[in-house]
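Trainee: I have a structure open and would like to go through it slowly. Could you help me read it?

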Amino acid sequence: MNDKKSLILIGRIASVMSVLMYVSYIPQIFDNLSGQSGDPIQPFVAMVNCIFWTIHGLYGTDGRTRDMPIVIANVPGIVFGFAAFITAII
């Protein structure tokens, strides 16, 4: 396998792992909704981090080039981080 193919594979694996990491907020969200609130700080910071990475992915370093794997990997973090944060504070 050449270096470019290896990097593409690593990027895909990293994207899947990132999505799984943010989907793992689902149990915390259910706990929050059932009255066992978790700490809201970590999901809030994760959400803000994902917002910045999504913006970076949409506009790239030159303001024109999109990096969709970065966007795809971070949008679930915005959604699930927000849900975990909101349910922890209500």
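Mentor: Let us begin with a definition: rings of Phe, Tyr and Trp (its six-membered ring) pair if their centres lie within 6.5 Å, and planes under 30 degrees apart count as stacked, over 60 as edge-to-face and the rest as tilted. This is a predicted model, in which local features need pLDDT of at least 70 and side-chain atom pairs count only at pLDDT 80 or more, while totals for chains, interfaces and linings use all residues. Residues are numbered from 1 along each chain as its sequence is written, and side-chain values use heavy atoms, with hydrogens and water left out.

Trainee: Okay, how many aromatic pairs does that rule give?

Mentor: The count by this rule is two aromatic pairs. In one of them, the ring centres of tyrosine 22 and tyrosine 25 are 6.4 Å apart and the planes stand at 25°, so this pair is stacked.

Trainee: And are those two tyrosines buried or exposed?

Mentor: Tyrosine 22 and tyrosine 25 are both buried, where buried means under 20% relative accessible area, exposed means over 50%, and partly exposed is in between, using a 1.4 Å probe and protein chains only.

Trainee: What about the pair of phenylalanine 44 and phenylalanine 85, how is that one arranged?

Mentor: Phenylalanine 44 and phenylalanine 85 make a tilted pair, with 5.0 Å from centre to centre and 45° between the planes. This pair links distant parts of the chain, since phenylalanine 44 belongs to helix α3 (residues 41-59) and phenylalanine 85 to helix α4 (residues 68-89), 41 residues apart. Helices here are DSSP runs (H or I, at least four residues), as strands are (E, at least two), and they are numbered from the N terminus. Phenylalanine 44 has a relative accessibility of 34%, so it counts as partly exposed.

Trainee: Back to tyrosine 25 for a second, where does it lie and what does it touch?

Mentor: Tyrosine 25 lies in the loop between α1 and α2, and its relative accessible area is 7%. Not counting residues up to four places away in sequence, tyrosine 25 touches Gln42, Pro43, Ala46, Phe80, Gly81 and Ala84, and contact means heavy atoms within 4.5 Å.

Trainee: Which residues make up the largest nonpolar core?

Mentor: The largest nonpolar core has six residues in all, namely Tyr22, Tyr25, Ile29, Ala46, Cys50 and Ala84. The term stands for a set of buried Ala, Val, Leu, Ile, Met, Phe, Trp, Tyr and Cys residues joined through side-chain atoms within 4.5 Å. Once residues up to four places away in sequence are left out, the contacts of tyrosine 22 include Ala46, Cys50 and Asn74.

Trainee: Last one, which residues make the nonpolar surface patch?

Mentor: Leu9, Ile13, Val16, Met17 and Leu20 make a nonpolar surface patch of about 470 Å². Patches are made of residues with over 30% relative accessible area and no salt bridge, with like charges joined within 9 Å and nonpolar side chains (Val, Leu, Ile, Met, Phe, Trp, Tyr) within 5 Å, and accessible areas come from the Shrake-Rupley method with a 1.4 Å probe, where for residues only the protein chains shown count as cover. Leucine 9 has its place in helix α1 (residues 3-23) and counts as partly exposed at 41% relative accessibility.

Definitions and conventions: A salt bridge is a side-chain nitrogen of Lys or Arg within 4 Å of a carboxyl oxygen of Asp or Glu.
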